[in-house]
Amino acid sequence: MSTITESVDVNVDVRTAYNQWTQFESFPEFMEGVEEIRQLDDTHTHWVTKIGGAKREFDATITEQHPDERVAWRSDSGPSHAGVITFHRIDDRKTRVTAQMDIDPEGFVEQAADKLGILDRRVHGDMERFKAFIEKRGGQETGAWRGDVDRPGR
């Protein structure tokens, strides 16, 4: 199991950064290797990814979500991974977005990518592309979901 942590400061307010991150179906526009995400309901998504020629499909569950603060998830099928994205207000026009993920690479290609640091670089690149994506839009998100999802057992 590997843990990856990456942060990026985006030049938009915390509400805008959070709202855009809740638009999972837009992830292929800035996440390398993500071909498609379908939002199945408020807490379930279906992902199609392709990394190093290995195509994977899996489902994920949003395990916790609080507007302008955090979105956490875990995979339900496919390679084991879980994580949380947190949003930190720096000032009225700047937000730090931090991704922390635990990934258990599956198969030779993914394990090699992990050991060579490729997964870390990919997440770093995804965060930088998110910054460019939201800033290029002039701080206008493509949509928003402001619902709350409490952590299981709460």
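Author: Start with the term that the strands need: two strands pair if DSSP finds at least two bridges between them. This is a predicted model, and Ile85 stands opposite Ala99 in E7.

Reader: How many bridges join strand E6 to strand E7?

Author: In general, strands of a sheet pair through backbone hydrogen bonds, either parallel or antiparallel. Here strand E6 (residues 80-91) and strand E7 (residues 94-104) run antiparallel and are joined by eleven bridges.

Reader: In what order do the strands of the open sheet lie?

Author: The sheet has seven strands in the order E1-E7-E6-E5-E4-E3-E2, and the pairing is antiparallel. Strand E1 (2-10) and strand E2 (34-41) are the edge strands, each pairing on one side only. On average, neighbouring strands of this sheet are turned by 20° against each other, direction ignored.

Reader: Which residue is the bridge partner of Arg38 in E3?

Author: The partner of Arg38 is His46. Six bridges hold E2 to strand E3 (residues 44-51), and the two run antiparallel. E2 and E3 form a hairpin, with two residues between them.

Reader: How many bridges pair E3 with E4, and which residue takes a positive phi in their hairpin?

Author: E3 and E4 pair over eight bridges in the antiparallel sense; His44, for example, stands opposite Thr61 in E4. Their hairpin also has two residues between the strands, and Gly52 takes a positive phi near 55° there.

Reader: Now the aromatic rings. How many aromatic pairs does a search of the whole structure find?

Author: A pair of aromatic rings is described by the distance of the centres and the angle of the planes. The search finds ten aromatic pairs. One of them is formed by Trp21 and Phe130, which are edge-to-face at 4.9 Å centre to centre, with 70° between the planes. This pair links distant parts of the chain: Trp21 is in helix H1 and Phe130 in helix H3 (residues 118-136), 109 residues apart.

Reader: Are Trp21 and Phe130 buried or exposed?

Author: The cut-off matters here: buried means under 20% relative accessible area. Trp21 has a relative accessible area of 5%, so Trp21 is buried. Phe130 has 0%, so Phe130 is buried too. Phe24 and Phe27 form another edge-to-face pair, at 5.5 Å centre to centre and 80° between the planes. Both Phe24 and Phe27 are buried.

Reader: Which residues do ring pairs link into a cluster?

Author: The cluster consists of Trp21, Phe24, Phe27, Phe30, Trp47, Phe58, Phe130 and Phe133.

Reader: Which residues lie nearest the centre of the largest cavity?

Author: Of the 33 residues that line the largest cavity, Trp47, Phe58, His81, Met101 and Ile103 lie nearest its centre. E3, E4, E6, E7 and H3 each supply at least two residues of the lining. Trp47 and Phe58 also belong to the ring cluster.

Conventions
Residues numbered from 1 in each chain as written. Predicted model: local features only at pLDDT ≥ 70, side-chain atom pairs only at ≥ 80, totals over all residues. Heavy atoms only, no water. Helix = DSSP H or I, 4+ residues; strand = E, 2+ residues; numbered from the N terminus. Axes fitted to C-alpha atoms, helices over the stretch in contact; angles between N-to-C directions. Phe/Tyr/Trp six-rings, centres within 6.5 Å; stacked < 30°, edge-to-face > 60°. Buried < 20%, exposed > 50% of the residue type's maximum accessible area, 1.4 Å probe, protein only. 1 Å grid on protein atoms, 1.4 Å probe; cavity = no way out; pocket = protein on both sides within 12 Å on 5 of 7 lines; lining within 4 Å.
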